[in-house]
Every structure is written in structure tokens, then in C-alpha cells.
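Visitor: Could you walk me through this one? I'm new to reading structures, so please spell out the terms as we go.

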Amino acid sequence: MTGLPLPGELGEHARRVLDGRAQPVPARDAATVVILRAGPAGGTQAYLLRRSATMAFAAGAYVFPGGSVDPRDADQAVAWAGPSPAEWAEVLGAGEAVARGLVCAAVRETFEESGVLLAGPDTGSVVADTTGADWEADRVALIDRSLAFADFLARRGLVLRSDLLKPWAHWITPEIETRRFDTRFFVAVLPEGQRTRDVGGEADHVVWRRPAEALELAREGSIFLMPPTYRTLAELAGYDDVGAVLAARREIVATMPAVVEVAGELRLVIP
């Protein structure tokens with residue numbers, strides 16, 4: 001049986017959990033969004049950001065924009081367009097309040113970490129430009145939680161466009177990790193007129209890469225990808241263009257890597 005070895009403190013903590021000497025920490029609801037665009041020579045590119053080396057979780061890893069659900073993300077005051085929270089609940093296999101929070105977190109975190117906003121003044125349009133000092137002030141206020149997402153949308157006369165998100169996957173951090181997330185993955189196309197920007201904060205570098213190119217860099221050891229990111233990019237590499245990705249049929253099933261012992265060594269196995 002193959003798998004990833006668990007060295008050092010992680011392996012020791014894993015042993016304590018397996019032996020019942022430590023309890024798994026609860027997994028926090030989270031959302032992440034793969035922003036896609038057509039590549040200059042065709043095909044598809046995905047937006048990746050590198051987490052700062054000082055971050056407590058996934059330091060140095062290339063990831064998609066995302067983060068934990070804020071309790072206010074489930075606020076029914078959030079202006080909404082597209083599939084309802086009840087419809088999302090069925091797709092995501094979650095309660096309606098949780099589904100509402102996940103979709104709102106996906107849109108909010110994408111704006112916070114990339115400057116891309118999946119919202120518009122009505123059900124058929126999207127904000128064309130999110131650059132400028134006023135947008136930046138709102139983005140920072142969302143990050144420090146001094147501004148609620150519902151108030152941000154209301155003040156600007158915008159509605160969240162849930163129809164611009166496509167559910168893609170569901171990953172749960174292994175029980176042996178000290179920081180755990182119950183994360184739904186979405187994909188979305190970069191809205192026309194908008195552009196990503198390096199907004200700093202948790203990331204120290206951002207880049208657009210073809211999925212196959214990012215995978216090759218990871219295999220070479222040039223970049224670090226966590227298993228869910230690697231798997232998602234591998235799946236996306238199988239599609240010719242953005243349209244094919246959006247047309248793909250997906251069944252959302254929870255995936256949680258497990259720890260097994262092989263010849264006295266603990267290893268993490270990805271289903």
C-alpha cells in the first residue's frame with residue numbers, strides 16, 4: 001500500500017489520535033473557488049496563489065482562493081440570485097443554512113483573495129471592474145470583518161450570483177491534522193471585464209497556470225500542491241476548454257484522506 005509518509009510532529013500527533021490519546025479537532029466549514037479563464041493559446045488557465053511562509057496552515061503551498069465560513073455568511077439578508085440555498089443544500093449534501101454560508105463564503109473569499117467579485121446589479125449582469133480605492137477599502141473591511149458581506153452588497157446595490165458557481169468537489173482535512181476544514185470546491189469563470197490582482201495578505205505570489213503545467217511543476221518539486229489542489233488540477237487538465245469544464249457532470253462526494261500503518265510507518269492515503 002502506498003501513501004504519503006507522516007514525519008515529525010504530524011506523525012506523532014497522528015499516532016496519538018489513532019491510539020485514542022488525542023481527539024480529532026472539529027472541521028470548520030470552508031469554501032474554495034477555482035477561477036478559470038481561457039488561455040492565450042487556447043485551453044484553460046487556473047488562478048493560484050502561494051500562501052505566505054508565515055501562515056500556520058499550508059505555508060508555501062499554491063492554493064485556490066478560499067477560506068472559512070463566517071457566521072454572517074448565512075445571513076438571509078444577503079441579496080441572492082441564481083439557484084436558491086435550498087437547491088444548493090441538495091447539491092452540496094448540507095443543511096440549507098450551511099449551504100447558504102458556503103456559497104456566500106465562496107463569493108466573499110474569492111473577492112478578498114483575488115479581487116474577483118461574482119456579483120452584479122441584477123440577475124443577468126456582473127460587476128465589470130472592481131479596481132479602485134473604494135473597492136480596495138471594502139475588500140480590506142471584509143477581511144478584517146468590520147464589514148459584513150450582506151452590508152457590502154446592499155450598499156453597492158448588488159446581488160450575489162450563485163449561478164456563476166459550479167460545484168466541483170468536497171474535501172475534509174484528515175482527522176490527524178491539528179487544523180481541519182470541511183471544504184466545498186467550486187469553479188467559476190473570470191467575469192468579463194474583471195481581472196485578478198495580487199492583493200497580498202495571506203499570499204505572497206499569484207499566478208495563472210494551465211492545470212497540466214502546474215502539475216508538472218509540482219512533480220518537479222518547483223511548487224508545492226496539497227492533495228486536494230493536485231487532484232482538482234488533475235481533473236481540470238482532462239478538459240479541453242472552460243466550456244467543457246462547465247458542462248461536466250459532477251457528483252459531489254466527501255473525500256477524506258485516511259491514515260494507515262505500513263511496516264510500522266504511518267502513511268496518509270488519498271482515496
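Visitor: Where does Gln 194 lie?
Guide: Gln 194 lies in the loop between strand 10 and strand 11 (203-209), where helices (H or I, at least four residues) and strands (E, at least two) are DSSP runs numbered from the N terminus. This is a predicted model, in which local features need pLDDT of at least 70 and side-chain atom pairs count only at pLDDT 80 or more, while totals for chains, interfaces and linings use all residues. Residues are numbered from 1 along each chain as its sequence is written, and side-chain values use heavy atoms, with hydrogens and water left out.

Visitor: Is Gln 194 buried or exposed?
Guide: Gln 194 counts as buried because its relative accessibility is 5%; buried means under 20% relative accessible area, exposed over 50%, and partly exposed in between, with a 1.4 Å probe and protein chains only.

Visitor: And what does Gln 194 touch?
Guide: Not counting residues up to four places away in sequence, Gln 194 touches Gly 115, Val 116, Leu 117, Val 126, Val 127, Ala 128, Asp 129 and Thr 130, and contact here means heavy atoms within 4.5 Å.

Visitor: Okay, back to strand 10. How many of its residues are buried?
Guide: Eight of the nine residues of strand 10 are buried, so this strand is largely enclosed by the rest of the structure.

Visitor: Which way does strand 10 run against strand 9?
Guide: Strand 9 and strand 10 (residues 181-189) run antiparallel and are joined by six bridges, and two strands pair if DSSP finds at least two bridges between them. Ala 169 has Phe 185 in strand 10 as its bridge partner, and Ile 172 has Asp 182.

Visitor: What about strand 2 and strand 10?
Guide: Strand 2 (residues 28-38) runs parallel to strand 10, with nine bridges joining them, and the bridge partner of Val 34 in strand 10 is Val 187.

Visitor: How many residues of strand 9 are buried?
Guide: Strand 9 (residues 166-172) is mostly covered, with seven of its seven residues buried. Strand 9 is also joined by two bridges to strand 12 (residues 254-255), and these two run parallel, with Trp 171 standing opposite Thr 255.

Visitor: New topic: which strands form the open sheet of three?
Guide: The order in that open sheet is 6-8-7, with mixed pairing, and its edge strands are strand 6 (80-81) and strand 7 (119-120), each of which pairs on one side only. Strand 6 and strand 8 (residues 159-161) run parallel and are joined by two bridges, with Leu 160 in strand 8 as the bridge partner of Trp 80.

Visitor: What does Val 159 contact, neighbours aside?
Guide: Leaving aside neighbours within four places in sequence, Val 159 is in contact with Ala 79, Trp 80, Ala 81, Ala 119, Gly 120, Asp 122 and Thr 123. The C-alpha atoms of Val 159 and Trp 80 are separated by 5.2 Å, although these residues are 79 apart along the chain.

Visitor: Last one: which residues of helix 6 meet helix 7?
Guide: Pro 211, Ala 214, Leu 215, Ala 218 and Arg 219 in helix 6 meet Tyr 230, Leu 233, Ala 234 and Leu 236 in helix 7. The residues of this contact divide into eight nonpolar, no polar and one charged, where Ala, Val, Leu, Ile, Met, Phe, Trp, Tyr, Cys and Pro count as nonpolar, Asp, Glu, Lys and Arg as charged, and the others, Gly among them, as polar.
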